[in-house]
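Please look over the sequence and the 3D structure below. A short report follows, written for someone new to them.

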Amino acid sequence: MEAAAPVVVVDAAGTTEVEGEESEVFSPSDVEYISYGGEHHLPLIMGLVDQELSEPYSIFTYRYFVYLWPNLTFLAFHRGRCVGTVVSKIGEHRNTFRGYIAMLVVIKPYRGRGIATELVTRSIRVMMESGCEEVALEAEVTNKGALALYGRLGFIRAKRLYRYYLNGVDAFRLKLLFPQWHHSPTTNKDGVHLHDNQYGETQIVP
Amino acid sequence: MASRLVQGQEGETGGRLADPPISYPIIPAGEQTVWADVSPLIASACNDLQDGQLIHGENFSLFAAMSALEIMDPKMDAGVEKCGYYSIEEAIENNVAPVPLSLNPTLDVQRVIDVIDHLFSCEATWYKGHTLAQTVFSCIYLLRIERTSSHALLHSYCRIMRATCNAVISVVSDSRTHEEEDLFTMAYGLPLKGEGDEKCLSILNSVEETISRQLRACKAQSLKKKQLEDIEPLQSNPDLEEGYCRALLCRLRFRKHYYLVLTSMKKPQGKGLELARKHVASCLSELTHITKSQEFLRALSYGFHQDDIQSSTTASGCRPIGFDASLNNRFSAPTPPRATHILSWKEAVSYFQKLLSDLDFVCSLNTDLVLDDVFCFIVQFQKPQPDLVARAHLQILLIQDGKLYGKEFFHDIISRELGLPELTKGKEHQKNEFIVQLGQLIINLLKILCANTAWQRRKLGKILQDWSVLSLQLEIAFKREIGETLNVMVDENMSTKVSKHLLRWTEERTYWIASRFLMLGFELELYSPYDYCMVYWFMYLVFMKLLEKIQLQTAANNENSQRKGKKKKDHGKDQIRDASFSSSTLLIHCYICLSEGLAMILAALRNESKAFHMVGPFNGEEERFIQHFDLLLKAHVPEHATYYLFKESTGHARISSIIKDNCFREAQKIITSLRGSYAGNSDKLIELQQLEQVAERNRVALSVIDQIGARDPSLTVSFEFTHHPHFAIAVIKRS
């Protein structure tokens, strides 16, 4: 089990549901995306997550992620105001080098405009560049927005976790597998080219 | 904190400066110690810290620190809430749970009924997955049962409630289903053990008897008949006597019969199942009376009504006295710091009706079933999604002391059912080992099949490896035997037959597991429409293999009976077995047609109109294929099921060619022929009906798509699971 930090996606990015008068009018190009820069960002992140979540997080939870993997946390700003954040980590999990998305929040007036998708995409890109084989996270089965967002990015629903949350709601474990790049061609003693496919089976390359 | 302490000291015990009106005990300095003010030191240390720096002990770990609870944070600290009483005693002192519940006998009876009803709602809430401490044991009468001893009715009810909770907890604990049953069974700090609880039934019976006599007396009085006995009425209002008596009687009787269901089902080797079914029927009948009593109870106006009558936890709609959900937060079993939403009384009644129906199904288990039919039984049982309590009961019934129904060891069952001759030591030793291993795998499989479907699917995927390995070992052993038997002797020939039979059975079961794994994915909503094509394709492969194994098995059986020259009386049993083989073969054949048809429609739509085709920014279809079928691929179930093969098989699919192939029509033919074999079996007939709908609607949809043309931009096709949980129906919309 990963760190007990369930993902919250509070952004129905790309769907047609945009809250009525609560929406903020802005152009997506006005949104600035910044990598975690230090302690001064921490209260912004905590503020956003505390505001939107009922799950209790101590300050150490935040510090765990942003101290150890600052390059995986991104903040979205609009006119100096922090409107969204993603917090992630990378680690070894059962012989797999894996990224994990812990928290994702976009405040209500800014939802439905692709900010969450952009935040997640940036985090995943860093994971991919760092050599991760896959990315994982959990989301409530009722969180249609999150499931749509991650589905569009190529995540599958790998497992269903029965009554994962304290309120009795099930969760999906979502996973994204990066294209395997361990097709390292080698030649056997007869000079025949060999090739290992993704199941570890050795095949002859014609 | 430190500075405040120190302000009150001048190096002497007890010396205090004036000023802070807060009084709290000063920790005195010892003989060798002295208090020193370190506030300036701490202040300057703080100033010296840079942003982001942290002072910590050597063994500090950020990962471990995540589990830290912040004291006095209401989200984490369950005891910080100011509301509620600090102890059970304080609540009792404040008359939260008076005994009797009222000095007015009528009000007393009404309040007892409210307590009974609220306990019922709490019980259903607990079964649904909340903690015992925040549900049933939020009742102060249960927390201090001794206090109720002067009140026969309340006392007897509390005793049987406690005994029932114990009975349910022990079944769930014993089954160890690897779910959240630790939350369910958590009773730390709760007074669950009671002396003399085995007598709770007789205590309840005597109370029931009294109220029955009171009911008879009041009916006699209303009919102006002479009363046979002089009995004190239940309460003081003669007009309400009959209503209250009836309302109480059905509640007591429900409780009694439910307890008897549990004790009957616990009888070893399934000996109490028939009796349990009778008690289930009684429970359901009493529930009807309980529901009817609501009209009477609701009409009486008294007490404090609950805000929303629909969500009321009692039949009367009034708030029950004697409960405090926050009491246990401070000293007993883990009680998450959030309010548990207690089910409404109406929801609780529905919950118990369903639970009883699920338990009844468990009790209908025929302990003479062959193993294959046991698997079918469990699958049927799981269809209405029974909860933990029902599932735990089935598991306990199936596996006791490592034996099926506590009667026979699995390796003996396997030997018997596969018609294996008695195995002797020596040469057969290895085969014995395989059979014992197989027995273990079967026990594990049965337990997994009794778990909730989410956990079940994960485990089914994992055990594929074990089953596949055993199949492989059996195959190797079998081939070695064939190689060794150069001189065919009768004994060795039989031995080879044994190995072949064992191998086929194991392989068949392995593919069955794979098919369950794939199909449960639909039930758990694990597949997106972009995945349907590959899933149906894989299902097609797995069903083909399953069919192959079953047909080999049937052929082997036929050969066996011919060789053995079976006596007449055995033919009957074989005929039944053959008939069931042939109908299960046909059913699999039907699944094959539907899987193939659906895979092809989806592939054709993708090929012709790019529908159901998705390429993400980070990966493509191949990665999703590998992920979905990872466990199957690793276990080689089946062999060579590669993404490459998938692309090859589906790359040229076109609507026009699918229509020619006629998969759905073939499915319909099979369904028609199956109706005869399934006559009298309502569950199977229901599924046939569903499959018929799937076949027909898809056949029609296919021809519509063909007419309109798959490339037509006005055409939208979606796939809905409106009839069968595993086979979708193509729904066409035109814009």
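What percentage of the 206 residues in chain A do buried residues make up? The share is 53%. This is a predicted model.

**Chain A**

Chain A has four helices and 10 strands. Along the sequence they run β-α-α-β-β-β-α-β-α-β-β-β-β-β. Among the contacts in chain A with a separation of 6 or more, 63% are between residues 24 or more positions apart.

**Two helices packed in chain B**

Two packed helices are described by the angle between their axes and the distance between the axes. In chain B, helix α9 (residues 200-222) packs with helix α10 (residues 238-266). The angle is about 155°, and the axes are 9 Å apart. Because angles over 145 degrees count as roughly antiparallel, α9(B) is roughly antiparallel to α10(B). The crossing of α9(B) past α10(B) is left-handed.

From α9(B) they include Leu201(B), Leu204(B), Val207(B), Ile211(B) and Leu215(B). From α10(B) they include Leu248(B), Leu249(B), Leu252(B), Tyr259(B) and Leu260(B). Charged residues take part too: Glu208(B) and Lys219(B) are among those of α9(B), and Arg246(B) and Lys256(B) among those of α10(B). The residues of the contact divide into 13 nonpolar, three polar and seven charged.

**Salt bridges**

Side chains of opposite charge can pair when their charged atoms come close. Over all chains, the structure holds 30 salt bridges. Three of them are listed here.

| Salt bridge | N to O distance |
|---|---|
| Glu118(A) and Arg122(A) | 2.7 Å |
| Arg504(B) and Glu507(B) | 3.2 Å |
| Glu692(B) and Arg675(B) | 3.7 Å |

Take Glu118(A) and Arg122(A). They are four residues apart in helix α3 (residues 115-129) of chain A, so about one helical turn separates them. Glu118(A) is partly exposed, at 26% relative accessibility. Arg122(A) is also partly exposed, with a relative accessible area of 27%.

Next come Arg504(B) and Glu507(B). Both sit in helix α18 (residues 490-523) of chain B. They are three residues apart, so about one helical turn lies between them. Are these residues buried or exposed? Arg504(B) is buried, and Glu507(B) is buried as well.

Glu692(B) and Arg675(B) pair across two helices. Glu692(B) is in helix α26 (residues 682-708) of chain B, and Arg675(B) is in helix α25 (residues 663-677) of chain B, so the pair ties together parts that are 17 residues apart in sequence. Glu692(B) is buried, with a relative accessible area of 16%. Arg675(B) is partly exposed, at 33%.

There is also a network. Salt bridges that share partners join Arg504(B), Glu507(B), Lys545(B), Glu548(B) and Lys549(B).

**Backbone details**

Which residues does a cis peptide bond with omega about -5° join? Val637(B) and Pro638(B) are the pair. Pro638(B) is in the loop between α22 (630-634) and α23 (643-650) of chain B. The peptide bond from Val99(B) to Pro100(B) is cis too, with omega near -5°. Pro100(B) falls in the loop between α4 (88-93) and α5 (105-128) of chain B.

Asn95(B) lies in the loop between α4 and α5 of chain B. Asn95(B) is not a glycine, yet its phi is positive, about 65°. Asn95(B) is exposed, with a relative accessible area of 53%.

Chain A has such a residue in Arg79(A). Its phi is positive, about 50°, although Arg79(A) is not a glycine. Arg79(A) is in the loop between β2 (74-78) and β3 (81-93) of chain A. Arg79(A) is exposed, with a relative accessible area of 69%.

Technical notes: Residues are numbered from 1 along each chain as its sequence is written. Chains are lettered from A and ligands numbered from 1 in the order in which they are written. This is a predicted model: local features need pLDDT of at least 70, side-chain atom pairs count only at pLDDT 80 or more; totals for chains, interfaces and linings use all residues. Side-chain values use heavy atoms; hydrogens and water are left out. Axes are lines fitted to C-alpha atoms, for helices over the stretch in contact, and angles run from 0 to 180 degrees between N-to-C directions. Angles under 35 degrees count as roughly parallel, over 145 as roughly antiparallel, 65 to 115 as roughly perpendicular and the rest as oblique. A crossing is left-handed if the near helix is turned anticlockwise from the far one by less than a right angle, and right-handed if clockwise. Contact means heavy atoms within 4.5 Å. A salt bridge is a side-chain nitrogen of Lys or Arg within 4 Å of a carboxyl oxygen of Asp or Glu. Buried means under 20% relative accessible area, exposed over 50%, partly exposed in between (1.4 Å probe, protein chains only).
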